[in-house]
Each structure stands twice: as C-alpha cells, then as structure tokens.
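Visitor: I would like to go through this structure with you, one region at a time. Could you put it on the screen?

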Amino acid sequence: MRLKNLHIRNFRKIEELTVTFPAGLSVIVGENNTGKTAIIDALRFMLFPGRDFNALRLNEDDFRRGAGDAPIEISCVFCDLSDDDEVHFLECLKDIGDGNFEVWLNARAEFNTATRRVNYKMWGGETEGGTLPSNLYDKLNSIYLQPLRNPESGLKPGRYSQVARLIDCLTSDDKQGEFITIAKEANDGIRKLKSVKDAKSDIDTQMVSIAGEELSQKTELIFNDPTFHRIIAGLQPEIEQLPFALNGLGYNNLIFTAMTLGTLKRSDQYSFRSILVEEPEAHLHPQLQVLLLLHLVKETKAEGNQVQVIASTHSPILASQAPINSIIYVHENQNKVTTVSICSIEYDPILKNKLQRYLNATRAELFFARRILMVEGISEVLLMPVLARISGGNLNEAAVTVLNAEGINFNAFLPLFGNDHLNLPVAILTDGDDKERTGTPSATASGLKAKESEIANLRVEFGEITFEHELARSAALLPFMLEAYEELHPTNGAKLNTTVGGLKTDEEKAEAFRTEFLRNGTSKGKFAQELAGLLEDVDLTPDTVPQYIREAFLHLGVIKSEEPDEQNREASTTNPVSESD
C-alpha cells in the first residue's frame, strides 16, 4: 500500500492543509519557511511509533498561534491495499466503493495548559472512536533522514546500524550459520596467539588473587561474540581502503541513503515502506545531486518496488530533474499555507512533456519564486534588470524571478497557475507579431491575453511586433541600440546610423532598425548583452521604457503607479500601437 493523502490542521503555521502524494517519489519544493518541514514532521508524528527516536514529540510550540485551544489534527490516507493489508488494518478501513478500501489513520493532540503536557488520541477509520490494531506499526516501516545530517551515526557499528539492518535483510536463516562459523574460527585463531594467551593467564591469576579459587571466574579473550546479530553489528563500511569516518560527508550521505533504500526494498514483511528525507542535496555538489535524484527515480519506478521516497528540498537542481508529477509545491500567501501536487493538475500530455523537457534543461526556479516574469528568450532575460532599474524598480528587491520560456509555448506553463494551483503574481511579455500593422495581434498573443480571465494574478502584455522593435521606438533608447549594433557589425552599423539619422519620425527610425536587424541575422543574445552593458549606468527617465513592459512591472510590484490612469492602462493592453501610428 502507499500513502495517498495527508491532512493537517492547526499544526505550526498550517491552519488547514491537504497534501496529495504520487506513487514512488515525491519532491516537496518551495521557498524557505513555507511549511515543507511541517509536512515532513507531521508524517514523522504519524508514521513512527512513539518509542522510535525518529518520532516527532509535540510540544507547546507546535500548536498554531492564534488558534486558541484548537487541537492539532493529522490524518494519513493509504490506498492500493492488498488482501493482507485489509486484514491487518481492519479497524482502520474506509469503504470507498466497488469493493475497495482505504486505510485512515487519525490523530488529535491537545495542549493542557495546567500540566503543560500534550495529550494524544489516535483512531482508525473515518469515524472518531475507532480503535487501532495493537500491532499497527508492525506493518509500517519508515526511515527519517534529517537535514544537515551526519551519516556517521548511522554507519557506526551497532545492533541497529544501517549496515546491520541491510545485511540482516539479505541473509536467510539458513545462511546465518556461515557468519558464526567464520567468527568461531577467528576466535580460535586469536586465542592461540602468545600475547592473547599471556593476557588471559595474567587476568586469571589476578582474579584468583582477588576472589580466591572458589569465587574466581575463568576468562576467555575472543575476537567477537559468535552470534549472527552480534557479528553483523560489528561491521562498518570501508571506502577506498579507508575507514568511513575519514570519508567526506557528501559521499557518506550517499552510502547511507543507498543502504537505507536497499534495506527498505528488501523489507517486504511491511505493508508500507518509506523514506522521509529533508534536503537530500546536503553536502552534495550539483552533479551528485542530479545523480542521486535520478537514482531515486529509477528505484521508485522499479517493478515490484513499493518504497515511497518523500523529500523536501531547496535545490532548483533537484526540482528541475525530478519527474514533473513528483513535484509538490508549497506556498504561503497571506499567512495561509497551500500545496499543489502537479500529479493532480489536469494537463495536456503534450504540454506536460514540453514542460518536463524544459525543466530538465533549466533551473526550476518557478517553484521557488514569489513573482514570475515570463519572457520569450535570452534577449529579454538580459535586458529586464536594466529596464526595471530605468523604470524605477529592482527585480531582486521585488522578489521577481525572470523565467525564460526559450521558445516553447507559454501554454505549457499556464496550467500550473491559478487560485487552486500556484497562486502567485505572473506576468508574460511576448511579441504581438502584427507585422502588417493591422492593429490586431497574432492569434498566439490574443490567446494568451484571453487567459487572464481564467487565471487569477496573470497579466499578459505584448508589443506591436517584436521586443527589439518596441525598444527602438523609444527616442532615448535608440542611440544606445545603434551603438550596440555597430559594436557587433561595424560597417553595417555605421551605414544604419547614417540611414536612421536621415529619417524624421520615431516610427520610421524604429522600422529601419528592425529591418536591418533582421536582414543581418543579428544574434539577439549578443545584441542584448551589448545593450545591457551600455545601459547599465545610464540615467534615463522611466518613460524611456516601453509602456507594455512597465505595465508588467507594475503588475508584479516592481514599480508603483503614482497616478493610475485606468483609461490609458486599458488602451496599452488592448492596443499597444503608439499614437504616432
């Protein structure tokens, strides 16, 4: 069986939350302090018996502030039950129809202000008052890997070390005797050594002197207690012929994670097996982060493997390499924590595949953003920071992430956004592509604009033809654009400068620039790099920046509107053609 849903109420900053988990791998992403750790800790509270050192022990600080004496309530829902699961968890079943059942585990915690203690109640099934099987946790096996962990504690020799657990899973009862035989032979060989014999004799003599012949005990010196579990408890990893304690934290983390996964895969006596891991990227350089993630994907997809891996991360690298359906996005808006499981969003398969390929090749920063500015290509990415500065704002201070769509359809991203999905301000800057000057933007631009009515917090802005053409229409920006172009194409740039100088209107100049820019096949990226450098420290007025770009900045809070003119604002979004046309 697998974990399907987690319901949380009044736990830390979470008022009420439902998290949906896909099968296999789940990657919980989001900004700092949005509730990712609270989700992991809620699972620790439910999945570990109270005596387990990985179990969460609630205290007064875990109760949501401002909720009065409201209790903490947490429930886990499990699906895909086998017949044996239905028997073992009989008291916890909920009938969902068609002969199918789910397992519901519920808990309530209340804080007693008189005793300063937390009181717990747990029950199974949908109706409060149900009982729990006394051997409930005999069928639940979870391992928790804390953030910034030092894996040495789990690799050190001991009865419950991860090494011992893995070997125990891999050794059948009839093979345990092989360990015992080898240990006895080692003990016999060590006892024959002269120094060991002398030490034994010295100890026996001293014991007789202390306790006398009648009360003294005989001593043997052995290499190891020749019982199977004692033997495997003494084993520890050796890496590259060196003790594991001398190995780096990053690689020790990988070794520990590998042992943990290997142990759970072979623990089929459990109905539910999971790893809860915070910050799997800890101590790993980017390439190892990717390799670890790909391994987790492979293992959780392996046929017959029912281990769920639930990881929380701050790493855009891990988020970009994770299967899109594994992403669980956590967001806080106006003090309310929400989550979006991508697996539960209705998505056109073609668009979802496009998004997956895009994320695989980029840093998935959209899952860590507060505000998003989506643009068509590298040219806009390079120039947006300087255009924001000229407009009187700062993208970083406004917490705006510029997302380069890199030529893929913006529609691949749009299903992610909305009230019930990623509910954050989003602006799209695109080209109107109205090359014939008909006053009507392209079907693509118009279709994107129509999405504003469907997606809350979405603003779509576009220029008449192209981004570069709109910049060239600015009398203050054009001289810098001509200089940047001449830097890339000295001969043609000088000719263009002369041509533009002989024209009268801003529109004629902009059109001349656009025509030459396209004719020469100028690299937009190189041009934007040159132009950004020229504009970096130039003091220009905000109206230098095209109006449609400023409207996007205004929507994202990058700049403030001193005197909002709704009529002009509406005109700029419906028909971005300037009055000079």
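Visitor: Which residues are exposed on the face of α16 turned away from its buried side?
Guide: That face of α16 carries Thr-491, Lys-495, Thr-498 and Gly-501, which are exposed. Exposed means over 50% relative accessible area, buried means under 20%, and partly exposed lies in between (1.4 Å probe, protein chains only). This is a predicted model, in which local features need pLDDT of at least 70, side-chain atom pairs count only at pLDDT 80 or more, and totals for chains, interfaces and linings use all residues. Residues are numbered from 1 along each chain as its sequence is written, and side-chain values use heavy atoms, with hydrogens and water left out.

Visitor: And which residues of α16 are buried?
Guide: Gly-493, Leu-496 and Val-500 are buried in α16. They line one face of the helix, because they fall within an arc of 60° seen down its axis. The arc is that of the directions from the helix axis to the C-beta atoms.

Visitor: What covers the buried residues of α16?
Guide: The cover includes α15 (478-488) and α17 (506-519). Helices here are DSSP runs of H or I with at least four residues, strands are runs of E with at least two, and both are numbered from the N terminus.

Visitor: Now the four-stranded open sheet. What is the strand order?
Guide: The order is β16-β15-β17-β18, with parallel pairing. Two strands pair if DSSP finds at least two bridges between them. The edge strands, each pairing on one side only, are β16 (400-404) and β18 (458-463).

Visitor: How many bridges join β15 and β16?
Guide: Strand β15 (residues 371-375) pairs with β16 over five bridges. Val-375 has Asn-404 in β16 as its bridge partner.

Visitor: Which strands does α19 touch?
Guide: Helix α19 (residues 547-556) packs on the sheet and touches β15, β16, β17 and β18. Contact means heavy atoms within 4.5 Å.

Conventions: Axes are lines fitted to C-alpha atoms, for helices over the stretch in contact, and angles run from 0 to 180 degrees between N-to-C directions.
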